[in-house]
Amino acid sequence: MIQSFIKKGSFQDSVSLMLISKKLSNLDEVDEVSVMMGTPANKSLLTATGFWDDMFNQATPNDICVAIKTHDNSCNVVELISEQLEDALKNIAQQQQGGSKLLKARRFASANQKLPDANLVLISIAGEYAAGLAEQALDDNKNVMIFSDNVSLDDEIRLKTKASEKDLIVMGPDCGTAIIAGAPLAFANVIAKGNIGVIGASGTGIQEVISQIALLNQGITQAIGLGGRDLSQEVGGISALTALDMLAADQATQVITFISKPPAESVRKKVISAMKLINKPIVAIFLGSNIDKPQDENIYFARTLDEAARLSCLLGKVEASASELSHAEHRSILGLYTGGTLASEAAMLLALELGLTVCKNHDKGIMLDQNGHKIIDLGDDFYTVGRPHPMIDPSIREQEISQLGDNTSVGVLLLDLVIGYGANTNPAESIITGYQKACAKRAADNPLIAIVTVTGSEQDPQCRSKQIDALKAANIVVMDNLPEAILLAKKLISPLKQIRSLKQYPLLDHISVINAGLRSFAEDLQASNVPVVHYQWAPIAGGNQKLAAILKKLN
């Protein structure tokens, strides 16, 4: 049987009541207890789950509805649950009073007065009221993140359209994750700062990708959530397009990672077109979609979240390195390798990136020779007749490098450095000597950029880190692997794109938050030193929509 009662005028957030419901349901005297606010949606849920009692018709959204499933028909059960509920609510109040004092407000206007520079409202109230508060925030020129679900599709479209017209963004509804200007919003992780900006219509997708980025020792600039319906046919990717504009204009973001379940095809085309206008590499993962080709202009497609993270980190390293180097526009790339397989892979990767064809016969160790670009294996038999292999005696490569002082058509030099037993005791020294001789002959406006990959371990006799440190001290670039080296070389010789004039979004530089709903979200922000005021929202006029509308007009 169901026994019930109503606690009048005691508004609580849904998470607190769910925890109370679980605790009360563990009592021996009951089978199960449901504790909910008397909102229309919750009343429907009470009916659907078999907890309905006609007395709940009298409950307002500010009242707590308590339904008890029990075989005990005495009034003692109701008294017990009522006492336990009071104790639980007192504990919540005491916990909220302890610790650091949280700035609070009971009216939206008061929240604005206490935090006048607030530029985002985080909403986690009951879904049927979330749209009204979001509209109020947009009217006040504030960005919005809606954690709440059960917001209608029509409301979502209306809110996102209004936000776009005002150069604002609505993240959500049902947006569980965001990290903006270092602020953890709702379900967020502590991730180091880096140069990768993330956009996602999947909260856990964002969390997994940024976690993988952190495991690869890189970081992020922003993580912008969209809500699961944003890329639907109906919504049309309104917030996705705004988020792309935001990260396109964000100078700290050098790589963009975009995460979504398969979008509507028309929306996918719209988003891809917008991505191609951005002068930054973009990693896109549309989970479950077929990939026709791995790359389309500046867009790199990934199949899995792990692959998206690894691609983003690779591109992040390339972009970070390129931003610190001179440009070698329209000049050629020369690769001088001591390892034949490394030369072959370098030729293959460079040919793929530049649309070239590798050499099939490898005459004189030449793996690629087209359009001025050349990759040579100096370990080929042609170069080792009567002399040691260049991994043992690198003098032949040192000589080739030094001669580039006169060959100014070459802008980027690709090299390998192989260490270990049997190899030269200090191969970095030979590279440095040849490079310095070449640079000494070059004019300042025509530099030679050398990019090296190192094959070997820290435990090798030459010590990997010592070789790398010596190269870097000589202004030689060291990349972790050949894909990174090739992508960097390509970027350095590619024509610079004309940068469009982009509107700026102040939200990405500084964030102040009005939090409405779950208090824990405000506490997390405060612990992260983010300016926040907790708006102790409750339904206006006891949830009476007509009266609330009249009061709004009077205000």
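Colleague: How many of the 6 residues of strand β12 are buried?
Modeller: Happy to start there, and please keep in mind that this is a predicted model. One face of β12 carries Val 255, Thr 257 and Ile 259, the other Ile 256, Phe 258 and Ser 260, and both faces are covered. Strand β12 (residues 255-260) is therefore largely enclosed by the rest of the structure, with a buried count of 6 of 6.

Colleague: Which residue is the bridge partner of Phe 258 in β13?
Modeller: Let's look at the strands that pair with β12. Strand β10 (residues 193-200) runs parallel to β12 and is joined to it by 5 bridges, with Gly 200 opposite Ile 259. Strand β13 (residues 282-286) also pairs with β12 in the parallel sense, over 5 bridges. There, the partner of Phe 258 is Ala 284.

Colleague: Is Val 271 buried or exposed?
Modeller: Val 271 sits in helix α9 (residues 265-276). Leaving out residues up to four places away in sequence, Val 271 touches Leu 231, Leu 241, Leu 244 and Phe 258. Its relative accessibility is 0%, and buried means under 20%, so Val 271 counts as buried.

Colleague: How far apart in space are Val 271 and Gly 236, C-alpha to C-alpha?
Modeller: Along the sequence, 35 residues separate Val 271 from Gly 236. In space, the C-alpha to C-alpha distance between Val 271 and Gly 236 is 9.2 Å.

Colleague: Which helix holds Ser 239?
Modeller: Ser 239 is a buried residue, at 2% relative accessibility. Beyond the residues up to four places away in sequence, Ser 239 touches Lys 160, Ile 169, Val 170, Leu 226 and Asp 230. The helix that holds Ser 239 covers residues 238-249 and is α8.

Colleague: How many residues does the largest nonpolar core have?
Modeller: Among the residues with the most contacts inside this core are Val 198, Ile 220 and Leu 488. Val 198 touches several residues, including Ile 206, Ile 220, Leu 247 and Ile 259, not counting residues up to four places away in sequence. Apart from this core lies another, of 47 residues, with Leu 102, Ala 186, Ala 243 and Ile 299 among them. The largest core, by comparison, has a residue count of 51.

Colleague: Which strands stand at the edges of the open sheet of 6 strands?
Modeller: The order in this sheet is β17-β18-β16-β19-β20-β21, with mixed pairing. Each edge strand has a single partner, so one side of each is left without a neighbour in the sheet. The edge strands are β17 (366-370) and β21 (477-479).

Colleague: What angle does the direction of helix α11 make with that of β18?
Modeller: Helix α11 (residues 340-354) packs on that sheet, touching β16, β17, β18, β19 and β20. Two of these, β16 (residues 332-337) and β19 (residues 410-418), run parallel and are joined by 5 bridges, with Leu 334 opposite Leu 413. The angle between α11 and β18 (373-377) is about 165°.

Colleague: Are α14 and α15 roughly parallel or roughly antiparallel to each other?
Modeller: Helix α14 (residues 427-441) and helix α15 (residues 464-473) have axes 9 Å apart and pack at an angle of about 10°. Their contact involves Pro 427, Ala 428, Ile 431 and Ile 432 of α14 with Gln 467, Ala 470 and Leu 471 of α15. By class, that contact has 6 nonpolar, 1 polar and no charged residues. Angles under 35 degrees count as roughly parallel, so α14 and α15 are roughly parallel.

Colleague: How many charged residues are in the contact of α5 with α6?
Modeller: Helix α5 (residues 127-139) and helix α6 (residues 153-165) cross at roughly 10°, their axes coming within 10 Å. On the α5 side are Ala 131, Ala 134, Glu 135, Leu 138 and Asp 139, which meet Asp 155, Arg 158, Leu 159, Lys 162 and Ala 163 in α6. The contact has 5 nonpolar residues and no polar ones, and its charged count is 5.

Colleague: What is the relative accessible area of Ile 511?
Modeller: Ile 511 lies in the loop between α16 (482-493) and β22 (513-516). Among the residues Ile 511 touches, not counting those up to four places away in sequence, are Asn 119, Ile 180, Leu 185 and Pro 531. Ile 511 is buried, with a relative accessible area of 4%.

Terms used: Residues are numbered from 1 along each chain as its sequence is written. This is a predicted model: local features need pLDDT of at least 70, side-chain atom pairs count only at pLDDT 80 or more; totals for chains, interfaces and linings use all residues. Side-chain values use heavy atoms; hydrogens and water are left out. A nonpolar core is a set of buried Ala, Val, Leu, Ile, Met, Phe, Trp, Tyr and Cys residues joined through side-chain atoms within 4.5 Å. Buried means under 20% relative accessible area, exposed over 50%, partly exposed in between (1.4 Å probe, protein chains only). Contact means heavy atoms within 4.5 Å. Axes are lines fitted to C-alpha atoms, for helices over the stretch in contact, and angles run from 0 to 180 degrees between N-to-C directions. Helices (H or I, at least four residues) and strands (E, at least two) are DSSP runs, numbered from the N terminus. Angles under 35 degrees count as roughly parallel, over 145 as roughly antiparallel, 65 to 115 as roughly perpendicular and the rest as oblique. Ala, Val, Leu, Ile, Met, Phe, Trp, Tyr, Cys and Pro count as nonpolar, Asp, Glu, Lys and Arg as charged, and the others, Gly among them, as polar. Two strands pair if DSSP finds at least two bridges between them.
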